[in-house]
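Please look over the sequence and the 3D structure below before reading the notes that follow them.

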Amino acid sequence: MPRPWFTKAIIYEVDPRTFFDSDGDGKGDLAGLTRKLDYIAGLGVNTIWLNPFFESPERDDGYDVADFYTVDPSLGSLGDFVVLLEEARALGLRVVVELVVNHTSDQHPWFRRALEGGDAPTRDYYIWVDEPPVDSPERITFTPEEGDDPSPWTFHEPSGQYYLHRFYPHEPDLDHANQHVQSEMYKVMSTWLALGVDGFRIDAAPYIAEKAAAADDFHDAHHYLRSMRSHIADRRPEAILMAEADVDASKLGDYMGDSGEMNLVLSFLASQTVFLALGRESAAPLERMLEVIPEGTAGSTYANFLRNHDELDLERLSPDDREFVFETFAPDQDMRIFGRGIRRRPAPMLDGDRDRLRMAHSLIFSLPGVPVLRYGDEIGMGDDLSLPDRSSVRTPMQWTSGHNAGFSEAPSDDLYYPVVTEGGFGYEQVNVEDQEADPESQLSWTVRMIHARRQSRPMRSQHWQLVDTGNPAVFGLRYQDEDDVALTFHNLSSQPQAVMGDATEHLERVHPVFGDLEAKVEAGREFELARYGHLWLAARTS
């Protein structure tokens, strides 16, 4: 039986605001993204994860939605979006769009009508209380600066009540226990599916499930998420749901399985564990992670990323491990955010060490599940810590060494975000044009890695096991699909390390397909990996 397409996905996350500006107004747009689809397809990825493009006041980079049915005028029109879908499809690219259903903007017509009072038809679309609960389980996600009130409840003086907002006060939470809210979201999904999207990334999925469970007629926290999956399957069977579910490992299984819930679950645990392993120069954190997370199934698997558009959240690590990762990769306070995360891109976090950066990406691309690549990481883009909060990692794509990094022809002062100019990661040193001409560049290496991943049938399977490498600094995985075997090894140490022969015993036709291709590997014999070395092998069972 053919595997679902999403098990073969290699996902490229992109924000149209910061990718390419087609009209010279200083802000990227859908037409600009369409013009760059050839580049995206040339990477070898097959799926685009498109950050929010709906109409928005943009106080939160589009995550504050004011209308779920329209494209923000500054990004283009609905027609521009349809053209984007058509061009993507012609290049073999699927498009998954962000669906921010936990909340709306306070400028959304639903909320503006809700402010009219208790009799307003959309008042109960949101969550109101006369007094915030003393022992409220709700907590605010984006912790304010020290000294500010961290309450997720904001008082609306005219009505004399408080409304819930898990994020910013200008993003009031929707009440997903309300059947009318659920019906509205089904309509939103149907609309975009009819236009041809291939699925949705569900923002803040745990909050949605928690609120839906408060309904009087059921207490199953995941009933609503399963109904979303059923809704899209009835309209477009191949469409998928990808969940943002930053939860403990013990709860990940609630979002997975073949019973009809999420197709992909973004693995926040993988991201923070990789950096812990990098810092410790030890495979043990990765091995422990894979031992405690639920295994993927035929209908659901993980989406692994090194970094995304938010902070690198370290909340699932122990306090000691979290502090260690902070001290190792974000030693200065301005590199940290919300008391739990890091606001840097991978390349500067790893001090521009090419070998270490490549090994980290190779790790993510070889973990069980499917890989996600954030725009710009394929060239080793840096960050801008002078920008506030998470904006530090949301700077424009660096296309050339010319004006505004080739992102926009607008005056530099008019850019949506400034391009990175400082240090070794400025656009004059790091850009697509230069790296396309260099076969040894980070971009050229990334393309080779993506193609190696696409060609490995065993790595797309859910059949994996840990490999005893005989070395605590080397992490090994084995995948098998019938007689075909893939082995991946990653040296987390800054020194060369040996891999014992037992790791390849009872295999035949063992040959390197990606990474340290000069490594001399024979079945059943010890071999050596270079500092921060990585090696993918193909073999067959004997």
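Predicted model: local features only at pLDDT ≥ 70, side-chain atom pairs only at ≥ 80, totals over all residues.

Residues are numbered from 1 along each chain as its sequence is written, and side-chain values use heavy atoms, with hydrogens and water left out.

**Aromatic rings**

- The structure holds 25 aromatic pairs, where rings of Phe, Tyr and Trp (its six-membered ring) pair if their centres lie within 6.5 Å, and planes under 30 degrees apart count as stacked, over 60 as edge-to-face and the rest as tilted.
- One of these is the edge-to-face pair of Phe275 and Phe329, with 5.4 Å centre to centre and 75° between the planes.
- Because Phe275 belongs to helix H9 (residues 268-280) and Phe329 to helix H11 (residues 319-329), this pair ties together parts that are 54 residues apart in sequence; helices (H or I, at least four residues) and strands (E, at least two) are DSSP runs, numbered from the N terminus.
- Phe275 is buried at 0% relative accessibility, and Phe329 is buried with a relative accessible area of 2%; buried means under 20% relative accessible area, exposed over 50%, and partly exposed in between, with a 1.4 Å probe and protein chains only.
- Elsewhere, ring pairs link Phe53, Phe54, Phe68, Phe81, Trp110, Tyr125 and Trp192 into a cluster.

**Charges over rings**

- The charged end of Arg166 sits over the ring of Tyr207 at 4.1 Å from its centre, a description that requires NZ of Lys or CZ of Arg to be within 6 Å of the ring centre and within 35 degrees of the ring normal.
- The charged end of Arg280 sits over the ring of Phe324, 3.8 Å from the ring centre.

**The largest pocket**

- The largest pocket has a volume of about 790 Å³, the volume being the space filled by probe spheres set on grid points that are joined across faces, edges and corners.
- A pocket is found on a 1 Å grid over the protein atoms alone, as an open set of points where a 1.4 Å probe fits, with protein on both sides within 12 Å along at least five of seven lines, and lining residues have an atom within 4 Å of a point.
- Of the 37 residues lining the largest pocket, Pro206, Tyr207, Asp246, Val247 and Arg316 are the closest to its centre.
- Helix H6 (residues 205-212) gives the largest share of this lining, with five residues.

**Buried residues in loops and a helix**

- Val101, in the loop between strand E5 (94-99) and helix H4 (109-114), is buried with a relative accessible area of 0%.
- Leaving aside neighbours within four places in sequence, Val101 is in contact (heavy atoms within 4.5 Å) with Leu174, His176, Met185, Ile202, Ile208 and Met228.
- Asp203 lies in the loop between strand E9 (199-202) and H6, and is buried with a relative accessible area of 5%.
- Ser271 is found in helix H9, is buried at 1% relative accessible area, and touches Phe305, Leu306 and Leu312 when residues up to four places away in sequence are not counted.

**Asn491 and its surroundings**

- Asn491 is placed in strand E19 (residues 484-491) and is buried, with a relative accessible area of 0%.
- A polar atom of the Asn491 side chain lies 2.8 Å from the backbone oxygen of Ala530.
- Not counting residues up to four places away in sequence, Asn491 touches residues including Met359, Val474, Leu529, Ala530 and Tyr532.

- Tyr532, in the loop between strand E22 (527-529) and strand E23 (534-541), has a positive phi of about 50° although it is not a glycine, and is buried with a relative accessible area of 6%.
- Arg509, in strand E21 (residues 507-515), has a positive phi near 55° and is likewise a residue other than glycine, but Arg509 is exposed, with a relative accessible area of 59%.

How values were computed: Polar contact = N/O pair within 3.5 Å; in protein donor to acceptor, adjacent residues only side chain to side chain.
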